[in-house]
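Visitor: I would like to learn how to read a few features of a protein model. Could we take them in turn?

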Amino acid sequence: MENPTTVFYVDDNPKSSRLLTSVLEQCGFRVITKNDPIEALALCQKTYFDLALLDYEMPVMSGSQLAQEMKFLVPDVPVVLISGRSTLPATELAFVDAHFGFGTALDDLLSTMRILVRPKLARVAENRADHRAMTQWADST
């Protein structure tokens, strides 16, 4: 993959973080991990990423609280929330683009992550094509 999708993954459980990071990397994603939501919030202002993958249950700040803060800082970045619960209240999902809970298949998570970043990649390709067309027009005048 020429430009892999960069996933910003925040999970307070280092074991879970290492395991899912390894799986994501084997599936072609570039992964930036943080185990502390406060550190993650500070880093998201300084780091480029295509998608945020957040654990729901974390100390100090829940994944949905972190999603809300991230959406204010980087509103165009899709946020996927993962949890051990099969459902969450709608209020917890207000700033989340997708939620995957207990019983979710890994393939469903990966597929959704790819779908969520695809529109952004399409926009980048369209902008490049527009830029090329404008450059060709400028060169021909």
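Predicted model: local features only at pLDDT ≥ 70, side-chain atom pairs only at ≥ 80, totals over all residues.

Visitor: Which residues of α2 are buried?

Guide: They are P37, A40, L41 and C44. Viewed down the axis of α2, these buried residues fall within an arc of 100°, so they line one face of the helix.

Visitor: What caps the N-terminal end of α2?

Guide: The cap is D36, which has a side-chain oxygen 2.8 Å from the backbone nitrogen of I38.

Visitor: Now the rings. How many aromatic pairs are there?

Guide: A pair of aromatic rings is described by two things, the distance of the centres and the angle of the planes. The count here is two aromatic pairs. One of them joins F8 and F49, with 5.0 Å from centre to centre and 45° between the planes, and it is tilted.

Visitor: Where do F8 and F49 lie in the chain?

Guide: F8 is in strand β1 (residues 6-10), and F49 is in the loop between α2 (37-44) and β3 (51-55), so the pair ties together parts that are 41 residues apart in sequence. Both F8 and F49 are buried.

Visitor: What about F72 and F95?

Guide: F72 and F95 also form a tilted pair, at 6.0 Å centre to centre and 50° between the planes. This pair links distant parts of the chain, 23 residues apart: F72 is in helix α3 (residues 63-73), and F95 is in the loop between β4 (79-82) and β5 (98-100).

Visitor: Is F72 buried or exposed?

Guide: Exposure is read from relative accessibility, and over 50% counts as exposed. F72 has 58%, so it counts as exposed. F95 has a relative accessible area of 31%, so it is partly exposed.

Visitor: And I32, buried or exposed?

Guide: I32, in strand β2 (residues 30-34), has a relative accessibility of 14% and counts as buried. Leaving out residues up to four places away in sequence, I32 touches T6, V7, F8, Y9, L43, T47 and Y48.

Visitor: Which side chain of opposite charge is nearest to D55?

Guide: It is R85, 9.3 Å away. D55, in strand β3, is buried and has no salt bridge.

Definitions and conventions
Residues numbered from 1 in each chain as written. Heavy atoms only, no water. Phe/Tyr/Trp six-rings, centres within 6.5 Å; stacked < 30°, edge-to-face > 60°. Helix = DSSP H or I, 4+ residues; strand = E, 2+ residues; numbered from the N terminus. Buried < 20%, exposed > 50% of the residue type's maximum accessible area, 1.4 Å probe, protein only. Contact = heavy atoms within 4.5 Å. Lys, Arg positive; Asp, Glu negative; His and termini not counted. Salt bridge = Lys/Arg side-chain N within 4 Å of Asp/Glu carboxyl O. Arc of directions from axis to C-beta. Polar contact = N/O pair within 3.5 Å; in protein donor to acceptor, adjacent residues only side chain to side chain.
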